[in-house]
Structure formats: C-alpha cells, structure tokens
Amino acid sequence: MSPREHPPKRQMPDFYEHFVPIALVIILVLMIILGIVAVTVLLGLWPG
Amino acid sequence: MSTQLLDGVLPLMSSLVTFLFAFFVFQRWQQRHRLHLLFWGIGLLFYGTGGAMEAYYGLVGWHPLVFRIWYLLGAVLVAAWLGQGTVFLLMRRRLAWILFAILAVGSLYATYKVFSATLDPTLMLGGELSGGAITSSGVRILTPFFNIYGVLMLTGGAAYSAWIFWRKRVLLNRVIGNLFIAVGAMAPGFGGAFQRAGMPYALYIGEFLGAVLMFIGFMQATRKTEAETED
C-alpha cells in the first residue's frame, strides 16, 4: 500500500464514534455503583 | 453434576484462563521489561491461584490452608496488585513506587491477619468459598480497602486509556481492548457484592467473566494492527 492509499490518521468507524462514549459513561456509572457498594460494606450496611 | 460444575469446574476454568493470560503477560514482560507487565502478571497469578483454591474446595473439600490462600490472594490482594500494574503504566514513577510501598506494607499486614484468623467453615453457604467463614474481627474489613484501590486503578486506568486513544482517533484496537479490560475488572467486584447478598455462584460467575473479558481485552489491545504490520 502506497502512502497515498493510507486512510487519514484521524478516522474511526462511525459505529465507534457513538459506541465508545456511551460505553465509557456506562463504565463510569458501574464504577460509581461499585464504589457505593464498597462504602456500604465498609460501614457494615451491606448484607452478608 | 450441575452443582459440582458450578462449585468446581467453573473456578477451574477461570483459573486455567487466567494462568494462560498470565503466561502471555509474562512473555511480553520478558520481551519489554516494563514494570506494569510484571505487576499485571503477578496479579494474574494471584487471580489464577484464587480460582484454583475455589476449584479445590468444590471438587475435593475444605482445608484451612486452601481457604487462607484463597482469601489472601483471591479476595484481598488480586485487584490491588493488578491495579498497581496500571499505576506503573500511567502514573509518575516516583508516585507509583510510593503507592507500591503502601501496598506492600498493607499486603504483609493482610497476610498476617488472614493466616492468624480463626475459621468456621459451617458459616459458608452452599458449596462455594466465602469470607463468611472468617470469625475473627478486623480481617474482612480489610478487603474493601484493597479492592477499592485495585478497581479504581485498573478500571479507571483502562477507561482513561480508552478515552485518550478514542479522543486522538488512533489505535482502535486499544480503545476496544481497554473497554473490555475496564468491564472485566469490575465483574468479580459485582460478583462478590452479590455473593455477600446471598446470591449463589455470583462470585464464581463474576470471576470467570472477568478473566475472559480481561484476556480478550489484553489480546485485542496488544495485537499488531494492519498499519503497524505494514510499517
């Protein structure tokens, strides 16, 4: 493949343009939930 | 058979996947000599050993030493040591060493506490290992501290890396790989939380999913892309 045939560097498939930020937000929300669970365990409020 | 499958074979599969994963990570560490790979490899050995102890309990039966090794490596230390790898990857070296010193002292203290704890296996529910068997005070309370640090660093670090690569619009394989690692790193945490709440096999399923997702993520993030191969 010649240099001219290389795709532009700053390009990402359309699907990932939308999917990645949504996935990152979901991960952030899950981390917050897990953090809340950990704090409730520390405070002795979580069952078990 | 179905109970034995979940009690013994599922953690055995987690263990095998994780040891294979550790092999690839150590192989990469041998080639590159990067500290984060060494810590990830050690963390994965802890993960795999924890799974092996669970499998032993499910297939063979109770042994206090098996329980102590499982609790120390599989419940207390694993996430923190994996997270320490990410700390060495993303943070300044000096700060990473300070955090490691704290982790090392904490790990020694946890080792002492776990190996001196009194145990009562009748307090565990079903055929799976759980921290409920520990009757001494001041042991189970250590676990959240290690796990908060580990999950925050491992999941947070992977999500941060994915975001950086995505923002720069480069190395899509690393974006996807890091997303897998971020989700996989949280799976055992959710499994442990559900197990504490009384849901059977939640921990073992979470651990298996975590091992598989992180392994896929690592292979995806480290594979050579077409552009790299052609360069």
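Predicted model: local features only at pLDDT ≥ 70, side-chain atom pairs only at ≥ 80, totals over all residues.

Helix 2 of chain B runs over residues 35-59 and reaches 36 Å from its first C-alpha to its last, close to the 36 Å expected at 1.5 Å a residue. After this helix comes B:Gly61, with a positive phi near 140°.

What does helix 2 of chain B pack against? One partner is helix 3 of chain B (residues 64-90), with the two axes 7 Å apart at an angle of about 160°. Because angles over 145 degrees count as roughly antiparallel, helix 2 of chain B is described as roughly antiparallel to helix 3 of chain B. The crossing of helix 2 of chain B with helix 3 of chain B is left-handed. In their contact there are 19 nonpolar residues, 8 polar ones and 1 charged.

Now follow helix 3 of chain B to another neighbour, helix 5 of chain B. Their axes come within 7 Å and cross at roughly 35°, and here too the crossing is left-handed. On the helix 3 side of chain B, the contact residues include B:Ala75, B:Ala79, B:Leu82 and B:Val87; on the helix 5 side of chain B, B:Phe146, B:Tyr149, B:Leu152 and B:Tyr160 are among them. By class, this contact has 17 nonpolar and 6 polar residues, with no charged residues.

Next, look at the loop between helix 4 (93-116) and helix 5 (142-168) of chain B, where you will find B:Gly132. Is B:Gly132 buried or partly exposed? Burial takes 20 or more neighbouring C-beta atoms within 10 Å; B:Gly132 has 16 inside that distance, so it counts as partly exposed.

Finally, turn to chain A. Chain A has 1 helix and 0 strands, and buried residues make up 15% of its 48 residues. How many residues does each chain bring to the contact between them? Chain A gives 21 residues and chain B gives 26. On the side of chain A that touches chain B, 16 residues are nonpolar, 3 are polar and 2 are charged.

Key. Residues numbered from 1 in each chain as written. Chains lettered and ligands numbered in written order. Contact = placed C-beta atoms within 7 Å. Nonpolar A, V, L, I, M, F, W, Y, C, P; charged D, E, K, R; others polar. Helix = DSSP H or I, 4+ residues; strand = E, 2+ residues; numbered from the N terminus. Buried ≥ 20, exposed ≤ 12 C-beta atoms within 10 Å, placed from the backbone. Expected span 1.5 Å × (residues − 1). Axes fitted to C-alpha atoms, helices over the stretch in contact; angles between N-to-C directions. Parallel < 35°, antiparallel > 145°, perpendicular 65-115°, else oblique. Left-handed = near helix turned anticlockwise from the far one by under 90°.
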